[in-house]
Amino acid sequence: MTENLDDLDELARELDRAHVFHSWSAQAQSPGLVVASGRGARVWDHAGREYLDFSSQLVNVNIGHQHPVVVAAIREQAELLTTIAPSTANLARGEAAKRIVARAPAGFEKVFFTNGGADANENAIRMARLHTGRDKVLSTYRSYHGNTGSAIVATGDWRRVPNEFARGHVHFFGPYLYRSEFWATTPEEESERALHHLRRVIESEGPTSIAAVLLESIPGTAGILVPPPGYLEGVRELCDRHGILLILDEVMAGFGRTGRWFAFDGYAVRPDLITFAKGVNSGYVPAGGVIISDEIAATFDERVFPGGLTYSGHPLAMASIVATLDAMASEGIVEHARAVGAEAIAPALEDLAERHALIGEVRGEGVFWAVELVVDRRTREPLQAAAMGRIKAALVERGLLPFIQDNRIHVVPPCVVTADEVAEAAAIYDEVLASASAE
C-alpha cells in the first residue's frame with residue numbers, strides 16, 4: 001500500500017515537471033515536495049509524510065487546512081449554486097459583504113469583490129485615481145502588492161523591475177529601524193525621520209498630482225516590519241493635508257494574522273480604502289476585495305465604475321468567506337492568534353535569539369513574525385542566499401514547511417496553531433540553526 005502511495009507522489013512530480021509552469025521560478029527548478037492533504041497546521045503527502053506548516057502556504061491559510069465548517073459550506077453552496085454573474089444579487093455574496101464591513105471602521109458599507117489581493121490593489125488604485133482626478137500613487141520600496149499591471153509597479157521589491165509598464169508610480173522608503181535609511185537609533189527617531197522623508201517626496205512630486213499613498217499596514221513579504229509609534233498616524237495626517245487618499249493593504253496582515261481582525265486596528269488610523277484577500281477565507285476558494293469608504297463609494301452612485309471581473313463575488317468563494325468569518329468569531333481564533341503569539345511564539349523566538357548568533361533580530365506579533373539572520377550581529381551583514389537555501393532544505397527535511405524570504409525566516413503558522421506545535425517548530429529551528437552556525 002505504501003509503495004502505491006509513493007507512486008502517487010512520484011506521479012504528481014512527473015506531471016508537475018511535464019506540464020506546470022510555476023510563478024517566480026526558473027522552470028528547471030521543479031518542486032520536489034508533494035502535498036496531498038492537510039488539517040489544521042499540518043499537511044501530508046500521499047505516502048503519509050507529515051509536515052508542520054509554518055508558512056501557512058503563502059501566509060494565507062489563517063484558519064488552518066481543511067477546517068470542517070468551511071469545507072462543508074463550500075460543499076453546500078456547490079449543491080445549491082456553483083456560479084452566477086456578478087451583476088445579479090446573490091444571498092451568499094451579500095452575507096459575505098455584510099460580515100466584512102462589520103469588521104471595518106465606521107463609514108465603510110460597500111465591498112468590491114475580486115479574485116485575490118493583486119486585483120484588489122489594482123482596483124483600489126483605479127478607484128483612487130477616478131475619485132481624486134489625480135494620477136500618481138506613492139508606495140514603499142519594501143513592499144509587495146501583487147502581480148497585476150499597477151499592483152506590481154506599486155510593489156517596491158525586485159519583481160517590479162522587469163514589469164514596469166504602468167504609469168504614475170513613485171516609491172519612497174518606509175520605516176525599518178534595524179536597517180534604517182535615516183540613521184535612526186530609536187523607534188521614535190525612525191518614525192519622525194521616515195515621515196519627514198515622505199513629506200519631502202510628496203512636496204517634490206507635487207501634492208496635487210498624487211491620488212493615493214498605498215501601504216501595507218504591516219509589510220509582510222518585505223520583512224514583517226511593524227510600524228514604529230506614530231508612523232501610520234503621521235502618514236494619515238500628510239494625506240489629509242494634501243487631499244491624498246490612504247489605501248491600506250491588508251491582504252497578508254488582515255483577518256487574524258496579527259491577532260486583530262485588521263492590522264491597522266492597533267493604530268489610530270482610518271484609511272480611505274482597504275484591500276484584503278488571503279485570510280478572509282484562508283484561500284479555500286480564490287477571493288479578495290476592496291472595502292470602500294462611503295465617500296468614495298458615492299462617487300460611483302451615478303457614475304459608472306469602469307472595472308469588473310467575471311468571478312467577482314463568486315458564490316463558492318462567498319460561502320467560504322461567510323463560514324470562515326463566522327468560525328473565526330465563534331471559536332475565538334483571532335484572540336487565540338494574539339495569545340499564542342504573545343505566550344508561545346515570542347518567548348520561543350527570543351530564546352532562539354539568545355542562543356544563536358546568526359539571529360540579528362526577531363520582530364512581529366500574533367502569528368506574524370520574522371527572524372532576521374546575519375553573518376555578524378555587529379555589522380548586520382545579511383546571511384547569504386546559499387546559506388539560506390541550505391537552512392530551508394534542512395527545515396523541510398526535518399518536517400517543517402518554512403517561509404523563507406531573503407535573509408529571513410518568517411514564522412507565520414495558521415492562527416489555530418497550538419503552543420505544543422510552536423514548541424515543536426522551535427525545536428526544529430533550534431537544531432537547524434545550530435547546524436548552520438557550525439558550517
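**Entry 1: D249**

I began with D249, which is buried at 4% relative accessibility (buried means under 20% relative accessible area, exposed over 50%, partly exposed in between, with a 1.4 Å probe and protein chains only). A note on what I am looking at: this is a predicted model, where local features need pLDDT of at least 70, side-chain atom pairs count only at pLDDT 80 or more, and totals for chains, interfaces and linings use all residues. Residues are numbered from 1 along each chain as its sequence is written, and side-chain values use heavy atoms, with hydrogens and water left out.

D249 sits in strand β8, residues 245-249 (helices, H or I with at least four residues, and strands, E with at least two, are DSSP runs numbered from the N terminus). I looked up the polar contacts of its side chain and found one to the side chain of H145 at 2.8 Å and one to the side chain of N121 at 3.0 Å. A polar contact here is a pair of N or O atoms within 3.5 Å; within protein, one must be able to donate a hydrogen and the other to accept it, and residues adjacent in sequence count only if both atoms are side-chain atoms.

Next I listed what D249 touches, leaving aside neighbours within four places in sequence: N121, Y144, H145, L214, L215, E216, S217 and T275 (contact means heavy atoms within 4.5 Å). Y144 is 105 residues from D249 in sequence, yet their C-alpha atoms are 9.5 Å apart in space.

**Entry 2: S139**

H145 turned up again when I went to S139. Outside four places in sequence, S139 is in contact with H145, A154, V170, H171, F172 and L214. S139 belongs to strand β5, residues 136-140, and its relative accessible area of 0% makes it buried. A polar atom of the S139 side chain lies 2.6 Å from the backbone oxygen of A154.

**Entry 3: the cores**

Which residues have the most contacts inside the largest nonpolar core? I found I100, L373 and I391, in a core of 103 residues. A nonpolar core is a set of buried Ala, Val, Leu, Ile, Met, Phe, Trp, Tyr and Cys residues joined through side-chain atoms within 4.5 Å. Helix α11, residues 333-355, gives the largest share of this core, 11 residues. A second, separate core has 19 residues, A120, A154, A212 and I292 among them.

I then followed L373. Not counting residues up to four places away in sequence, L373 touches L358, I359, P382, L383, M388, I391, N407, I409 and L433.

**Entry 4: two helix pairs**

Two packed helices are described by the angle between their axes and the distance between the axes. Axes are lines fitted to C-alpha atoms, for helices over the stretch in contact, and angles run from 0 to 180 degrees between N-to-C directions.

I took α11 with helix α13, residues 419-438: their axes come within 10 Å and cross at roughly 15 degrees. The two are therefore roughly parallel (angles under 35 degrees count as roughly parallel, over 145 as roughly antiparallel, 65 to 115 as roughly perpendicular and the rest as oblique). Their crossing is right-handed; a crossing is right-handed if the near helix is turned clockwise from the far one by less than a right angle, and left-handed if anticlockwise. V340, A344, I345, A348, L352 and R355 of α11 meet A419, V422, A426, Y429 and D430 of α13.

The other pair I checked was helix α7, residues 187-205, and helix α8, residues 231-242, packed at about 25 degrees with axes 10 Å apart. α7 and α8 are therefore roughly parallel too, and α7 passes α8 in a right-handed crossing. From α7, S191, A194, L195, L198, R199 and I202 meet Y231, G234, V235, L238, R241 and H242 of α8.

**Entry 5: loops**

Most residues other than glycine have a negative phi, and most peptide bonds are trans. W24 has a positive phi, near 50 degrees. I placed W24 in the loop between α1 (2-19) and β1 (37-39), where it is partly exposed at 40% relative accessibility. F255 also has a positive phi, near 55 degrees. F255 lies in the loop between β8 and β9 (273-276) and is buried at 0% relative accessibility.

Last, S55, in the loop between β3 (50-53) and α2 (56-59). S55 is buried, with a relative accessible area of 4%. Its side chain makes a polar contact of 2.7 Å with the side chain of D53. Beyond four places in sequence, S55 is in contact with L401, P402, F403 and V412.
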